[in-house]
Amino acid sequence: QVTLVESGGGLVQAGGSLRLSCAASGRTFSNYAMGWFRQAPGKERKFVASISWFGGRTYYVDDVKGRFTISRDSSKNTVYLQMNSLKPEDTSVYYCAAGSVGSEANRYDYWGQGTQVTVSS
């Protein structure tokens with residue numbers, strides 16, 4: 001069992017930055033690829049970024065490339081999502097997940113409770 005707790009969400013103006021954190025506890029954190037997904041009201045949950053279990057490979061959805069950076073610190077059992085140049089359309093609840101690397105939600109076995117990110121125009 002892996003427990004994931006996200007933090008760092010909030011309200012920010014367009015063009016601003018936020019850094020989301022996801023702290024993991026339970027089974028060995030380094031055994032899992034980690035991903036970030038987001039879900040806007042009334043819409044399906046969508047892939048944002050993922051990082052391999054050893055941190056050597058990262059993947060991003062096209063509309064966040066060059067703005068968001070995923071990273072992990074295995075010594076702290078934490079994965080981060082640095083979000084720069086935020087846009088109103090980035091407004092969503094952001095979820096972190098642990099599982100197998102990829103963009104499909106069903107590749108991830110464990111999910112956090114989510115953290116709200118709101119970007120005002």
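Reader: Which residues line the largest pocket?

Author: R38, Q39, A40, K43, E44, K46, F47, V61, D63, E89 and S92 do. This is a predicted model, where local features need pLDDT of at least 70, side-chain atom pairs count only at pLDDT 80 or more, and totals for chains, interfaces and linings use all residues. Residues are numbered from 1 along each chain as its sequence is written, and side-chain values use heavy atoms, with hydrogens and water left out.

Reader: What counts as a pocket, and as lining?

Author: On a 1 Å grid over the protein atoms alone, a pocket is an open set of points where a 1.4 Å probe fits, with protein on both sides within 12 Å along at least five of seven lines. Lining residues have an atom within 4 Å of a point.

Reader: Which elements give two or more residues to that lining?

Author: Strands β4 (33-39) and β5 (46-51). Strands here are DSSP runs of E, at least two residues, numbered from the N terminus.

Reader: What volume does the largest pocket have?

Author: About 200 Å³. That is the space filled by probe spheres set on the grid points, which are joined across faces, edges and corners.

Reader: How does the lining split by class?

Author: Three nonpolar, two polar and six charged residues. Asp, Glu, Lys and Arg count as charged; Ala, Val, Leu, Ile, Met, Phe, Trp, Tyr, Cys and Pro as nonpolar; the others, Gly among them, as polar.

Reader: Switching to salt bridges. How many?

Author: Five. The rule is a side-chain nitrogen of Lys or Arg within 4 Å of a carboxyl oxygen of Asp or Glu.

Reader: What does D90 pair with?

Author: R67, with the closest N and O atoms 2.8 Å apart. D90 lies in the loop between β8 (78-83) and β9 (92-99), and R67 in the loop between β6 (58-60) and β7 (68-73), so the pair ties together parts that are 23 residues apart in sequence.

Reader: Are D90 and R67 buried or exposed?

Author: Both are buried. Buried means under 20% relative accessible area, exposed over 50%, and partly exposed in between (1.4 Å probe, protein chains only). D90 comes in at 1%.

Reader: What else does D90 touch?

Author: Not counting residues up to four places away in sequence, D90 touches R38, R67, F68, S85, V117 and V119. Contact means heavy atoms within 4.5 Å.

Reader: Give me another salt bridge. How far apart are E104 and R107?

Author: Their side chains meet at 4.0 Å, N to O. E104 is partly exposed at 41%, and R107 is partly exposed at 36%.

Reader: New topic: T78. Where is it?

Author: In strand β8. T78 is buried, at 9% relative accessibility. Its side chain reaches the backbone oxygen of K76 at 2.8 Å.

Reader: What does T78 touch?

Author: Leaving out residues up to four places away in sequence, S21, C22, A23, F29, S71, R72 and D73.

Reader: Last one. Is D109 buried or exposed?

Author: Exposed, at 53% relative accessibility. D109 sits in strand β10 (residues 108-111). D109 touches A98 and G99, not counting residues up to four places away in sequence.

Conventions: Helix = DSSP H or I, 4+ residues; strand = E, 2+ residues; numbered from the N terminus. Polar contact = N/O pair within 3.5 Å; in protein donor to acceptor, adjacent residues only side chain to side chain.
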